[in-house]
Amino acid sequence: MKIAENRIKTVQFALALTFFTQGVAALSWIPRIPEFIHNLGVTKEVWGVLIGVGGIGALVPLVFTNRLVNKFGTTPIIKFTAVGMCLLFLALPYPTQWWLFLVLNFMLSFTISVFNIALNSQAVMFQKRIGKVLLGSFHGAWSVGAAASAAVSGIIAAFTPLKLQMFLMPVICL
């Protein structure tokens with residue numbers, strides 16, 4: 001079934017905006033890393049281990065997310081994980097113990113990965129349906145969002161408390 005041109009443009013814009021917003025969310029906390037290290041009372045070496053081990057959470061969904069997409073479709077998974085990411089970003093500045101931060105970071109990496117797999121699946125299905133390669137432009141939208149977020153978050157960090165920024169950014173993105 002052929003898709004109307006105006007519908008193609010709407011879906012293309014929505015996907016690009018979703019990729020952009022995820023890029024914003026993903027990097028919004030990066031300029032605040034020194035505050036996270038201070039709050040946890042860890043060395044930079046321990047921080048590196050926490051981030052590295054927490055990032056392993058992104059690998060776990062590679063095993064099963066395709067089955068979730070096949071069973072439930074991409075849209076419900078994207079919506080559910082977007083809320084999950086928001087809640088995890090909101091919780092991130094509160095732990096003062098390294099192990100609790102590690103658990104949250106692992107869960108955040110896990111949730112971001114499920115979100116990304118579902119979003120990329122949706123984008124691939126859309127581009128196949130319309131017969132045009134668009135994934136590069138969607139990933140470009142993510143990169144623009146990530147770069148803009150790093151810059152804006154860096155400026156905001158100069159005059160906004162960590163917990164306020166970590167509340168506003170995810171809520172705005174959601």
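Let's start with Met166, which sits in helix H8, spanning residues 162–173 (helices are DSSP runs of H or I with at least four residues, strands are E runs with at least two, and both are numbered from the N terminus). The model is predicted, so local features need pLDDT of at least 70 and side-chain atom pairs count only at pLDDT 80 or more, while totals for chains, interfaces and linings use all residues. Residues are numbered from 1 along each chain as its sequence is written, and side-chain values use heavy atoms, leaving out hydrogens and water.

Is Met166 buried or exposed? Met166 is buried, because its relative accessible area is 2% (buried means under 20%, exposed over 50%, and partly exposed in between, with a 1.4 Å probe and protein chains only). Setting aside residues up to four places away in sequence, Met166 touches Trp29, Phe36, Phe89, Leu90, Leu92 and Pro93 (a contact means heavy atoms within 4.5 Å). Ala91 is 75 residues from Met166 along the chain, yet their C-alpha atoms are separated by 8.2 Å.

## The chain as a whole

Zooming out, the secondary structure comes to eight helices and zero strands. Read from the N terminus, the elements therefore run α-α-α-α-α-α-α-α. The C-alpha atoms fill a box of roughly 60 × 35 × 20 Å along the principal axes.

Of the 174 residues in the chain, 40% are buried. Among contacts between residues at least 6 apart in sequence, 79% join residues at least 24 apart. The chain exposes about 9,600 Å², and carbon and sulfur atoms supply 72% of that area (areas come from the Shrake-Rupley method with a 1.4 Å probe, and for residues only the protein chains shown count as cover).

Asn105 is found in helix H6, residues 98–130. Asn105 counts as buried because its relative accessibility is 4%. What lies 3.4 Å from a polar atom of the Asn105 side chain? The backbone oxygen of Leu50 does. Beyond residues up to four places away in sequence, Asn105 touches Leu50, Ile51, Gly54, Gly55 and Leu92.

Ile51 belongs to helix H3, residues 44–55. Ile51 is partly exposed because its relative accessible area is 31%. Ile51 and Asn105 are 54 residues apart in sequence and 7.2 Å apart in space, C-alpha to C-alpha. Not counting residues up to four places away in sequence, the contacts of Ile51 are Trp29, Phe101 and Asn105.

With a relative accessibility of 1%, Leu119 counts as buried. Leaving out residues up to four places away in sequence, Leu119 touches Leu15, Thr18, Phe19 and Ile78. Thr18 is 101 residues from Leu119 in sequence, while the C-alpha to C-alpha distance is 8.3 Å.

How many salt bridges does the count come to? The count comes to one salt bridge (a side-chain nitrogen of Lys or Arg within 4 Å of a carboxyl oxygen of Asp or Glu). Glu35 forms a salt bridge with Arg32, and the closest N and O atoms are 2.4 Å apart. Arg32 is buried, with a relative accessible area of 1%, whereas Glu35 is partly exposed at 29%.

Arg32 is also in contact with Thr160, as is Gln165, when neighbours of Thr160 within four places in sequence are left aside. Thr160 lies in the loop between helix H7 (135–157) and H8. Thr160 is buried because its relative accessible area is 11%.

## A nonpolar patch on the surface

Val49, Val53, Ile56, Leu59, Val60, Leu62, Trp98, Trp99, Leu100, Val103, Phe106 and Met107 form a nonpolar surface patch, with about 1,100 Å² of accessible area together (patches are made of residues with over 30% relative accessible area and no salt bridge, joining like charges within 9 Å and nonpolar side chains of Val, Leu, Ile, Met, Phe, Trp or Tyr within 5 Å).

Which helix provides the largest share of the patch? H6 does, with six residues, and H3 and H6 each supply at least two. Trp99, one of the patch residues, has its place in helix H6. Trp99 is partly exposed because its relative accessible area is 48%.

Technical notes. Polar contact = N/O pair within 3.5 Å; in protein donor to acceptor, adjacent residues only side chain to side chain.
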